[in-house]
Amino acid sequence: MLIAGFPAGAWGTNCYLVAPAAGEECVIIDPGHQAAQGVEEALAKHRLKPVAVVLTHGHIDHVASVVPVCGAHDVPAWIHPADRYMMSDPEKAFGRSIGMPLMGELTVGEPDDLKELTDGARLDLAGLEFSVAHAPGHTKGSVTFRLPERADIPSVFFAGDLLFAGSIGRTDLPGGDHAEILESLARVVLPLDDSTVVLSGHGPQTSIGRERATNPFLRQVAAGLGDGAPAPAPRRGM
């Protein structure tokens with residue numbers, strides 16, 4: 001399996017291209033702010049053909065390049081319905097304007113073909129099977145994507161802004177809910193095998209085993225102490 005990832009834009013949001021191997025079809029995950037050029041470079045480098053864009057949530061740092069990427073390759077995008085409004089009106093996600101200079105750089109709106117994700121769905125794309133889990137807390141429509149273990153390759157978990165190396169997503173923006181993100185961690189993350197590779201929306205790669213042992217939020221959730229968990233420190237992402 002091939003996973004090509006790179007941080008993009010003002011918030012260093014991780015965009016991923018996932019394919020069975022070089023020279024095959026691929027899925028693009030979270031082409032965010034200023035990610036279009038990086039996507040094209042990765043497609044050319046690995047000789048990939050995109051068939052879909054899938055989105056972990058609707059914040060502009062994860063979706064800003066969806067329209068140009070989908071338009072350039074005539075592919076659909078997938079998002080949870082609770083976050084769909086952010087595609088056309090990203091400022092609602094912050095309860096205020098995020099600034100005209102930045103907004104002037106963005107192509108706001110929905111791609112021509114936008115499909116909706118549901119909890120428990122299986123997406124068969126590019127010869128891969130992505131399991132979808134609704135995981136609200138960072139936003140109401142946050143989801144994760146998981147690829148099953150294959151041969152000698154461990155399961156891969158695309159966490160979006162639910163789980164980071166050593167931390168969790170912020171919950172202080174409209175639609176965020178600290179208790180809800182803790183419930184999502186308990187329901188979606190804790191049952192995963194320790195060997196599962198975690199690729200987050202920001203920051204470095206980690207694993208479920210490492211986070212189970214060292215992440216203070218996940219340890220508190222596992223111990224049943226979620227209500228006493230401290231508020232997460234702000235991250236570079238939204």
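**Before starting**

This is a predicted model, in which local features need pLDDT of at least 70 and side-chain atom pairs count only at pLDDT 80 or more, while totals for chains, interfaces and linings use all residues. Residues are numbered from 1 along each chain as its sequence is written, and side-chain values use heavy atoms, with hydrogens and water left out.

**Stop 1: the whole chain**

Display the protein chain as a cartoon; eight helices and 14 strands are present. Helices (H or I, at least four residues) and strands (E, at least two) are DSSP runs, numbered from the N terminus. Of the 238 residues, 56% count as buried. Here buried means under 20% relative accessible area, exposed over 50%, and partly exposed in between, with a 1.4 Å probe and protein chains only.

**Stop 2: A4 in the strand β1**

Select A4, which is placed in strand β1 (residues 2–8). Is A4 buried or exposed? A4 is buried, because its relative accessible area is 10%. Not counting residues up to four places away in sequence, A4 touches C15, Y16, L17 and H46; contact means heavy atoms within 4.5 Å. The C-alpha atoms of A4 and Y16 are separated by 5.6 Å, although these residues are 12 apart along the chain.

**Stop 3: the largest nonpolar core**

Move to L17, one of the residues touched by A4. The largest nonpolar core has 33 residues, of which L17, I28, V53 and V66 touch the most other members. β1, β2 (13–19), β3, α1, α2 (60–63), α3 (66–73), β5 (77–79) and α4 (85–88) are the elements that give two or more residues to this core. The most comes from β1, with four residues. A nonpolar core is a set of buried Ala, Val, Leu, Ile, Met, Phe, Trp, Tyr and Cys residues joined through side-chain atoms within 4.5 Å.

Leaving aside neighbours within four places in sequence, the contacts of L17 include L2, I3, F6, V39 and L48.

**Stop 4: P31 in a loop**

Select P31, in the loop between β3 (25–29) and α1 (36–46). P31 is buried, with a relative accessible area of 0%. Beyond its neighbours within four places in sequence, P31 is in contact with residues including C15, V53, H62, V66 and V69.

**Stop 5**

Which residues of α3 are buried? They are V66, V69 and C70. Seen down the axis of α3, its buried residues fall within an arc of 95°, so they line one face of the helix; the arc is that of the directions from the helix axis to the C-beta atoms. G71 and A72, on the other side of α3, are exposed. The cover over the buried residues of α3 includes β3, α1, β4 (49–54), α2, β5 and α4. Just after α3, D74 takes a positive phi of about 55°.
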